[in-house]
Amino acid sequence: MLGMQSLTTAYLKALRKLFAGKTGAEIAGEWVKGPGGLFWNAEPENDPKFQEMAYRLAYRMAKLVAAENMKSWRQAAMKSTRAREIFVALQQEIRRTGLQPELQVIAARNAKLIRSIPQEIARHLTQKAVTLQQEGKRDLEIVAELKRLAPRLTKSKMRLISRTEIARAGTDLDKLRAENLGLEWAVWSTSEDQRVRPSHRNLDGVLMNWNDPPQPESLIGEKSTLGRGFGGQFPNCRCSMLSLADLDEIKWPTRLYRNGAITRVTRAQFVRLLPAGQLIAA
Ligand SMILES: [Zn+2]
């Protein structure tokens, strides 16, 4: 989705501005000479003004993702035989809650991540300072080295947050909208390029239930500390989920994830698996 890509860029830009506005070229915080040597004082974590700015930025991002997400639902609905039904449900959703609670959850999670940037950089730099001291480097050399390192660390941390969180917010909203509409099944979709990790490539085009997220690595026999989740919900993941409103929307037979394994099923086999009354047009 092109829209999501430009949102990722916009989020990264906003993050850079937030931190640049605090301190000029460097990340917020300052060097302090303590009893253990030099350490980085990441004071903005406790600064109420910084906290408020972080939350406002995070909430703005959540709203933009929701708007983009609505656009893609409308586009998908137009192609569906259940278009009218879906449009009506989306309209009701706007009237009812406007997704407010979910937006607040996404914004709070992101505000926390943003606030944690100075602390995380601080931890990393303090560790580095200790190593350099043990190597016998003088304070001035250490500061110079860490000053070089700090912007790089900050940038990569911001990149990780913007990439991961835009996709994750999109999938969270997809799941919520699918629930609101009674759509229980979705297809994992990768960006189908070289950068897709093998565990996610394995799930490309696989049909799954919104209540039963897979653990992608274990499905290809890899160990992982990442938990279960859907496309878009993992660090640096660019995958997404396409909710299924009609069985005509996919080619049969298809690969199905269920009970911790992927199997191939025909349309008839899949229909037999659906519990009675499941809201899908069979
Ligand atoms: Zn992925």
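This passage walks through a predicted model, from its overall make-up to a few individual residues.

The protein is built from eight helices and seven strands. Of its 282 residues, 30% count as buried. Confidence averages a pLDDT of 85, and 86% of the residues score at least 70. Among the elements, helix H6 (residues 198-201) has the highest mean pLDDT, at 98, while strand S1 (residues 30-34) has the lowest, at 57. Over residues 23-28 the pLDDT falls below 50, although this stretch still has 13 contacts in the model beyond near neighbours in sequence. Where pLDDT is low, the predicted coordinates should not be read in detail.

Helix H2 covers residues 48-79, and its 32 residues should span 46 Å at 1.5 Å a residue; the end C-alpha atoms are 47 Å apart, so the two values agree. Helix H5 (residues 139-181) has 43 residues and reaches 61 Å from its first C-alpha to its last, close to the 63 Å expected. Just after H5 comes Gly182, which takes a positive phi of about 75°. The buried residues of H2 include Phe50, Ala54, Ala58, Met61, Ala62 and Val65, and also Glu68, Asn69 and Trp73. An α-helix has 3.6 residues a turn, so residues three or four places apart point the same way.

In soluble globular proteins, nonpolar side chains tend to be buried together.

S3 runs antiparallel to S4, to which three bridges join it, with Ala186 having Met208 as its bridge partner in S4. S3 is likewise antiparallel to S5, through four bridges, and here Trp188 has Met241 as its bridge partner. Leaving aside neighbours within four places in sequence, Trp188 is in contact with Leu203, Asp204, Val206, Met208, Phe230, Gly231, Cys239 and Met241.

Asn180 lies in helix H5 and counts as partly exposed because 15 C-beta neighbours fall inside 10 Å. Apart from neighbours within four places in sequence, Asn180 is in contact with Ala89 and Glu93. Asn180 and Glu93 are 87 residues apart in sequence, yet their C-alpha atoms are 7.6 Å apart in space.

Arg228 sits in the loop between helix H7 (216-219) and strand S5 (240-243). With 12 other C-beta atoms within 10 Å, Arg228 is exposed. Not counting residues up to four places away in sequence, Arg228 touches Pro213, Pro214 and Gln215. The C-alpha atoms of Arg228 and Glu217 are separated by 9.3 Å, and the two residues are 11 residues apart along the chain.

Technical notes:
Residues are numbered from 1 along each chain as its sequence is written. This is a predicted model: local features need pLDDT of at least 70, side-chain atom pairs count only at pLDDT 80 or more; totals for chains, interfaces and linings use all residues. Helices (H or I, at least four residues) and strands (E, at least two) are DSSP runs, numbered from the N terminus. The expected span of a helix is 1.5 Å times one less than its number of residues. A residue is buried if 20 or more other C-beta atoms lie within 10 Å of its own, exposed if 12 or fewer, and partly exposed in between; C-beta atoms are placed from the backbone. Two residues are in contact if their C-beta atoms, placed from the backbone, lie within 7 Å. pLDDT is the predictor's confidence in each residue, from 0 to 100. Two strands pair if DSSP finds at least two bridges between them.
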